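Welcome! Please take a first look at the sequence and the model below, and then read on for a short tour.

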Amino acid sequence: MHIVVAGAGAIGCYVGGLLAHAGREVSFLGRPRILDVLGKNGLRVSDFSGLEAQLSAQSLDLHNTPEVLGRGDLILVCVKSAATAEIAKQIAAYAKPEAIIVSLQNGMGHADTLRKELPNHDVRAAMVPFNVVPSDKGHFHRATSGDIVIGAGPTPLGKIMNVKGLGVSESDEIEAVQWGKFLLNLNNAPNALSGMTLHAQLLSRPWRRLMADQMAEALRVLKAHNCPIRPTTPLPVGLVPHILRLPTPLFRRIAAKMLTIDPQARTSMAHDLMAGRKTEVDALQGRIIAMGQEKSVPTPLCQGMLAAIKQAEENGATPQTPDSLRG
Ligand SMILES: NC(=O)C1=CN([C@@H]2O[C@H](COP(=O)(O)OP(=O)(O)OC[C@H]3O[C@@H](n4cnc5c(N)ncnc54)[C@H](OP(=O)(O)O)[C@@H]3O)[C@@H](O)[C@H]2O)C=CC1
Ligand SMILES: CC(C)(CO)C(=O)C(=O)O
């Protein structure tokens, strides 16, 4: 099976790099600014448990134009939320009729956006639980743990994608799995605005309280819509805000696994803001605000967070405090 990574960035290079290292045929579609670095330095993939994989520049199949999508039996969509509609059109223009399309993106509804352009393809949503720290030298480092979950479909993908360093399973309840991850991604905005690493932010009780309150707000909205939620932790989802609010020494003990993060990890939104790129806030807080309006559930924290991110996108980010974000 030939695999094409559509969007060679943090997730695309990490996942595609491990698949290529395991001997899968992988092509990367990306921007010249990333491909030039990969073409010079090769691709290095590592993780917090000591995994190391190096692919030489010569071994990489790098493309900055979409024709390469036509080679894919499996196309992994790894672009940011706002770029989904455009990549969907490109896939529709070039993909083989039998190509399977998997969205490895955060947020909800991207598989539907892809299906609109690709009504006859097997299109699957997926959930990537881990964080990847990119560097400008072609090195992508996984900073947290967890296995990728892909929506189940006619062709089993676990066998193809399960390689050393990459656990992949399939689920009949992918929407619930995605909502579980979505709730964590609501912290992408506060993390980006805090100027802190994820680890430092999680050890600060005022930041955890803000995370908890925002999560509780979103849970009220999802409940009003009867959305299925499969938590990413063994704890029931309704308990997570309470755990986050605990005093730090207790939180450290109860949520030790949550704190098993590389000390340098920041959310993908933090990397976007630092690089002066538009963020995915519309697909995250924006989604909760819109769903809240439909059911008259107030969403003041998500609204404040969205406004603060928009301001940071326009004027550059200055570190905020939890109180300043509560408005
Ligand atoms: N980074 C992380 O740790 C995690 C990210 N995710 C999710 O994975 C998805 C991808 O995130 P991430 O890897 O961080 O994103 P990146 O921005 O690092 O990578 C996406 C890359 O795709 C490029 N791109 C976009 N459209 C095209 C196109 N049509 N043709 C070629 N290249 C294109 C982008 O370029 P340009 O910027 O110029 O558009 C960018 O270089 C997001 O939904 C994110 O939320 C999920 C879990 C963790
Ligand atoms: C950090 C993590 C894994 C969860 O918020 C993530 O999904 C991201 O960085 O976008």
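What follows is a briefing on the sheets and on the surroundings of the ligands.

This is a predicted model, in which local features need pLDDT of at least 70 and side-chain atom pairs count only at pLDDT 80 or more, while totals for chains, interfaces and linings use all residues. Residues are numbered from 1 along each chain as its sequence is written, and chains are lettered from A and ligands numbered from 1 in the order in which they are written. Helices (H or I, at least four residues) and strands (E, at least two) are DSSP runs, numbered from the N terminus. Two strands pair if DSSP finds at least two bridges between them.

**The eight-stranded sheet**

- An open sheet with mixed pairing is built from eight strands in the order β5-β2-β1-β6-β7-β8-β11-β12.
- Its edge strands, β5 (61-63) and β12 (168-171), each pair on one side only.
- Neighbouring strands of this sheet are turned by 25° against each other on average, direction ignored; axes here are lines fitted to C-alpha atoms, for helices over the stretch in contact, and angles run from 0 to 180 degrees between N-to-C directions.
- Helix α1 (residues 10-21) packs on the sheet and touches β1 (2-6), β2 (25-29) and β6 (74-77), where contact means that C-beta atoms, placed from the backbone, lie within 7 Å.
- The direction of α1 makes about 160° with that of β2.
- Two bridges link β8 (residues 122-127) to β11 (residues 148-151) in the antiparallel sense, and A126 stands opposite I150 in β11.

**The four-stranded sheet**

- Four strands make up an open sheet in the order β4-β3-β10-β9, again with mixed pairing.
- β4 (52-55) and β9 (132-134) stand at the edges with a single partner strand each, so one side of each has no neighbour in the sheet.
- From one strand to the next, the twist averages 15°.
- β9 and β10 (residues 139-142) run antiparallel and are joined by three bridges; V132 has R142 in β10 as its bridge partner.
- β3 runs parallel to β10, with four bridges between them, and D47 stands opposite R142 in β10.
- Four bridges also pair β3 with β4 in the antiparallel sense, with R44 opposite Q54 in β4.
- β3 and β4 form a hairpin with four residues between them, and G50 in the turn has a positive phi of about 105°.
- Which residues of β3 (residues 43-47) lie on the covered face, and which on the uncovered one? L43, V45 and D47 are on the covered face, whereas R44 and S46 are on the uncovered one.
- In a regular strand, side chains alternate between the two faces of the sheet.

**Around the ligands**

- Ligand 1 is surrounded by 27 residues, and the closest are G7, G9, Q105, N106 and S268; a residue is near a molecule if its C-beta atom, placed from the backbone, lies within 6 Å of it.
- The shell around ligand 1 takes at least two residues from each of α1, α3 (84-94) and β9.
- By class, this shell has twelve nonpolar, ten polar and five charged residues; Ala, Val, Leu, Ile, Met, Phe, Trp, Tyr, Cys and Pro count as nonpolar, Asp, Glu, Lys and Arg as charged, and the others, Gly among them, as polar.
- Around ligand 2 are N106, F130, N131, T144, L184, N185, N187, N188, T267 and S268.
- The shell of ligand 2 has two nonpolar, eight polar and no charged residues.
- Domain 1 (2-171) and domain 2 (178-326) each give at least three residues to the shell around ligand 1 and at least three to the shell around ligand 2; the domain bounds come from an automatic or database domain assignment.

How values were computed
Contact = placed C-beta atoms within 7 Å. Buried ≥ 20, exposed ≤ 12 C-beta atoms within 10 Å, placed from the backbone.
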